[in-house]
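Let's take a walk through this structure together. Have the sequence and the 3D view handy as you read.

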Amino acid sequence: MAEFPFDISARDGDARTGVLTTTRGEIRTPAFMPVGTAGTVKALYTDQVRETGADIILGNTYHLMLRPGAERVSRLGGLHKFMRWEGPILTDSGGFQVWSLAQLRKLTEEGVKFQSHIDGSSHMLTPERAIEIQADLLGADISMQLDECTDFPAERPAAEESMQLSLRWAKRCKAAFGDREGQSLFGIVQGSTYPELRKASAEGLLEIGMDGYAIGGLAVGEGFSAMMEVLEATVPHLPAARPRYLMGVGRPVDIIEAVSRGVDMFDCVIPTRSGRHGQAWTDAGPVNVKNARFAEDDTPLDPESDCPASRDYSRAYLHHLFKAGELLGPMLLSWHNVAYYQGLMARIRAAIADGTLESLRKKISAGAEKG
């Protein structure tokens, strides 16, 4: 019996909308989780994040274990109290960040030994330690198994070896997690771009028994078409009664296409990273406010938006802030982007309920082609 009830209220093709109920509140799905890497969604107050409509945020195990340290966060009352976020938090396991440190890590059956990118100190991340950090010390509502993010491109034997290691680590994570009240554990499907490996990974995780199922190892260079093919080969092997989470993805078009293939949850740094670099997301594609053509444009990014950053500031003003190197520029655009993404998810949920997802999908796809 999974810890958090997941109730699906409507379907439109393979897309579905519903609610994942946690002890800290409801998560309306499809859901987008703003990324709070180091205990903060960059450039935003937690109140702002909440007001955009976000039900859940993501915390980063790797960054928090290095600074300020998971034990310190625990002594200070856990991650929710530390960062003033009362809603649900999902933490990644740290596997992706460690994978990205190719020159600073050594992978064994036991786990991953790596050097901190901050001070070079040595650390060991095992499946057991990943669960201890996430569930015990940070106090995550949803913890992720430790996995190995498979390199891309990968020959089939290497992809299979990596996928099997992630499955063995999933078993150890499940054993370490045990039975808990008010907390859940998700497994991660790996297997690169090989449909039969994705199927074997999904079946192996079902045998172990997880509360939710994530699709990992994508958005690592395989391209949009390959990503969609992997989803089409993977989602049918995941249980319809539990949440499906596509990790680290993505652009609005990636999200709506994945939703149409049955995915329920997403996270990505794009909204805040784009915001810090002068890029605002819209239905018509991304807008770079640093472009000279906005220097005298007195229209806001979105006059219909509930978000003050989108509605109350002109593009000319945003252009000026970035040209002047003012901190308010990245703050406003990050706020706008997080609000845009949450607004998009609300529209997706409504479209699924109304049976009009295809119309919205075409609109977002057309914007992506322009961008």
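Two strands count as paired here if DSSP finds at least two bridges between them. Keep in mind that what you're looking at is a predicted model. Now find strand S6, residues 89-92, and strand S10, residues 142-144: they run parallel and are joined by two bridges. Within that pairing, Thr91 sits opposite Ser143 of S10. In general, strands of a sheet pair through backbone hydrogen bonds, either parallel or antiparallel.

Next, the cysteines. How many disulfides are there? The count comes to zero. A disulfide needs two cysteine sulfur atoms within 2.5 Å. For Cys149, the nearest cysteine sulfur belongs to Cys268 and is 14 Å away, and Cys149 is in no disulfide. Cys173 is in no disulfide either, as its nearest cysteine sulfur, that of Cys149, is 15 Å away. Cys149 counts as buried because its relative accessibility is 4%, and Cys173 is buried too, with a relative accessible area of 0%.

Finally, hop over to helix H15, residues 357-370, where you'll find Ser365. Is Ser365 buried or exposed? With 14% relative accessibility, Ser365 counts as buried. Leaving aside residues up to four places away in sequence, Ser365 touches Val253 and Glu257. Phe96 lies 269 residues from Ser365 along the chain, and their C-alpha atoms are separated by 28 Å.

Terms used
Residues are numbered from 1 along each chain as its sequence is written. This is a predicted model: local features need pLDDT of at least 70, side-chain atom pairs count only at pLDDT 80 or more; totals for chains, interfaces and linings use all residues. Side-chain values use heavy atoms; hydrogens and water are left out. Buried means under 20% relative accessible area, exposed over 50%, partly exposed in between (1.4 Å probe, protein chains only). Helices (H or I, at least four residues) and strands (E, at least two) are DSSP runs, numbered from the N terminus. Contact means heavy atoms within 4.5 Å.
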